[in-house]
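I opened this notebook to keep track of what I look up, entry by entry.

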Amino acid sequence: MASSKSISELISPREVLSNIAKAVPSDCHDKIVVIGSLAVGYHYFQDQSEMAVRTKDADCLLFPRNAAAQAGISITEKLLKNKWHFREDDKWGQPGDSQTPDNKLPAVRLNPPSRAEWFIELLAEPESSSDRAQHWMRIETKYGHFGLPSFGFLSLANYKPIRTDLGIYIARPEMMALANLLEHPTIGPDRMSGGFANRLDIKRSNKDIGRVLAITRLAIGLDGDALLAWPEFWYEALQKRFPDEYQLLIPQVGQGLRALLGSEQNLEQALYTCTNGLLASRPPTLKQLYIAGERLLVDAIEQLEAEVTQ
Amino acid sequence: MTTSSNKVIVEKKKTLSSARDLHDSLASLAMALVDQAEKQGYLLILDTKLSMPFLQDQLHRFKLALRPDIAKRLRIIFAQHGDVAPDTEDTPQKDLEHLRHLIADEQKSATPLNPPNKKDEVLLFLIHQWVSGKGNITSKSLEDKVGCNYRTVANAIDEMEHAVCRHSDRSVSLKYFPQQDWGRLLAVANRTRSTMLYADVSDQPHSYDSLLQRLWRLNIKYIAVGGVLGAKRFHDDLDIVGAPRLDLCIHAPEKYVNLDFMHALDPALERTRDTHRPARVALHFIRRKDALFDQDADGTLWADPVECLLNLYNARLEQQARRFQEFLMARAREQNGQ
């Protein structure tokens, strides 16, 4: 088993979440859901201090929508006051002003004082479940103007989130998996901007569905029957978040995964992202990752699909 | 099995062994056509030892007993080499395509099994009768329970003459456990019984409890639990902790068996022919007509004790198998007053 010290760029989810919880105003704790691989890592590795994940961004979704702007302002101002600094970025390294169009506003991406290996990024709960295009919510701080992005199926990530002992929330891994599956009904051609762990050919779809497979393996590792509980929860979340569309969305849940499993090239990319990410400590083989996908289809996705075909 | 689409009703027969079997299938199809006046009815025969002229003659005679509007919509189609046999008369092209799909689906899911040894099935049935204290059984009942003819039953009984007690009402029973015949059966069982082994390839094997729950949810009425779990149901003191593998007994009286359920049970289970590789699941095939399964209150099907005993020997649990065998023999002697 690899330790965080033996593999460079691996960070401890508990340490990062603890830093975030301490750094943000305490009255914002109940408005923050950490999503992404840190949330997955915290959920599955929290009792194993030596387990780490390879990521740079700590994505924090602010909710509910009507409180997101105020929470975003409070958090940004407190972090900047306490020497957090803008992440180095040629294009987005400075705040905007009142003249900056919404879609040109920089996101809040801040590194902790004297640390560059990870940064916090603030996002906002989408305004409408039916509009899944990217939107920017302007926040006006005393340091300048920023934008809180919202897009796609982010509204699933804060469905019944799990409250941590640190006060802030993490997204349910199965909800992040569902959001990622819906985000990629096909294997799109877009590649990861900036590459992934020294590879420039990794497609975003393969990385995101790869994360779904990583969550699947981690979930089965804790409880062999974990996936069996997902379809009921997914159905409930889709009904609540997308009351007019859920019956159309359900048949799309497994499309991207089936496409990925049908292509060894795409599956290999997914494996690469897993072994250099959430599954770095216990990397599976290509076949084992494929089996994880098949189990997800049989235990969860086909059961969900049966809800609309019956 | 009957399938129906917008335009056709198809009665599939995997094997057709007698004229009575044919008449039953045609009657079932004709009754379905009474209720669905717009549809064509096809009896799709996938395998039969009966000749085509005989079957066509039987169809002709059967049609004479039907209303004309039903008779003209009733056809027999044969599968041959994975396709529809050439002589399809005036069957519409769309219907032929539908039938070809059904044949292809059947071929995909059908796994062929070795020919059954019905004499061994007679032996197993007689042992089961004895260990269960069920008393005498007639040759006719044995024919029906095993699904074989009189000659097979007679030969099987002749071969174990020393252990058989013949009664005045033409019934038979065992005097004692036929160790010699049992030993012969065990010696060839691995080859003749087509047992299939499955290993986990995920590195995250499901527990046996989980696999059992999944099997229960699949609600398949032709699969029972055997092996250690099945034996412990009869003899809880069996000296083994946990189960080294899950033994499933599949009722497969036909030549082919559908194993699609294995994927639904767990996609991580992969068939292995390496008997030294640890198997997670073993599939055993029960070829007689009466599977002798026992259903418990929650709906789980359990294999009979003799099948469980065979499974233990197959798993090379020699010591536990001998203990279980001794337990069954002692119980039998007590129940049979011997």
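**Entry 1: terms first.** A helix is a DSSP run of H or I with at least four residues, a strand is a run of E with at least two, and both are numbered from the N terminus. I also note that this is a predicted model.

**Entry 2: chain A, overall.** With that, I get 11 helices and 11 strands for chain A. Next I looked up how compact chain A is. Its radius of gyration is 19 Å, close to the 19 Å that the globule rule gives for 310 residues, so chain A is as compact as a globular protein of that length. Along the principal axes, the C-alpha atoms of chain A fill a box of roughly 55 × 50 × 40 Å. I then checked burial. In chain A, 49% of the 310 residues count as buried. I also looked at sequence separation in the contacts of chain A. Taking contacts between residues at least 6 apart in sequence, I find that 73% join residues at least 24 apart.

**Entry 3: the domains of chain A.** The contact takes 18 residues from domain 1 of chain A and 21 residues from domain 2 of chain A. I then asked which elements supply the domain 1 side. Those of chain A that give two or more residues are helix 2 (37-45), strand 3 (53-54) and helix 4 (154-157). Helix 2 of chain A gives the most, with 6 residues. By class, this side of domain 1 of chain A has 10 nonpolar, 7 polar and 1 charged residues.

**Entry 4: a hairpin in chain A.** I turned to strand 8 (residues 135-141) and strand 9 (residues 144-150) of chain A. They pair in the antiparallel sense over 7 bridges. A hairpin through 2 residues joins strand 8 of chain A to strand 9 of chain A. Which residue of strand 9 of chain A is the bridge partner of Thr141(A)? I find Gly144(A) there.

**Entry 5: helix 5 of chain A.** Is helix 5 of chain A enclosed or open? I counted its buried residues, using the cut-off of 20 or more other C-beta atoms within 10 Å. For helix 5 (residues 173-183) of chain A, 11 of the 11 residues are buried, so this helix is largely enclosed by the rest of the structure. Among them are Pro173(A), Glu174(A), Asn180(A) and Glu183(A).

**Entry 6: chain B, overall.** Chain B has 13 helices and 17 strands. The C-alpha atoms of chain B fill a box of roughly 65 × 60 × 35 Å along the principal axes. Of its 338 residues, 35% count as buried. For contacts in chain B between residues at least 6 apart in sequence, 73% join residues at least 24 apart.

**Entry 7: where the chains meet.** Last, the contact between the chains. Chain A puts in 12 residues and chain B 11 residues. On the chain A side, helix 6 (204-222) and helix 11 (286-309) are the elements that give two or more residues. Helix 11 of chain A gives the most, with 6 residues. The chain A side divides into 4 nonpolar, 3 polar and 5 charged residues.

Technical notes. Residues numbered from 1 in each chain as written. Chains lettered and ligands numbered in written order. Predicted model: local features only at pLDDT ≥ 70, side-chain atom pairs only at ≥ 80, totals over all residues. Buried ≥ 20, exposed ≤ 12 C-beta atoms within 10 Å, placed from the backbone. Contact = placed C-beta atoms within 7 Å. Nonpolar A, V, L, I, M, F, W, Y, C, P; charged D, E, K, R; others polar. Rg over C-alpha atoms; globule rule 2.2 N^0.38 Å. Pairing = 2+ DSSP bridges.
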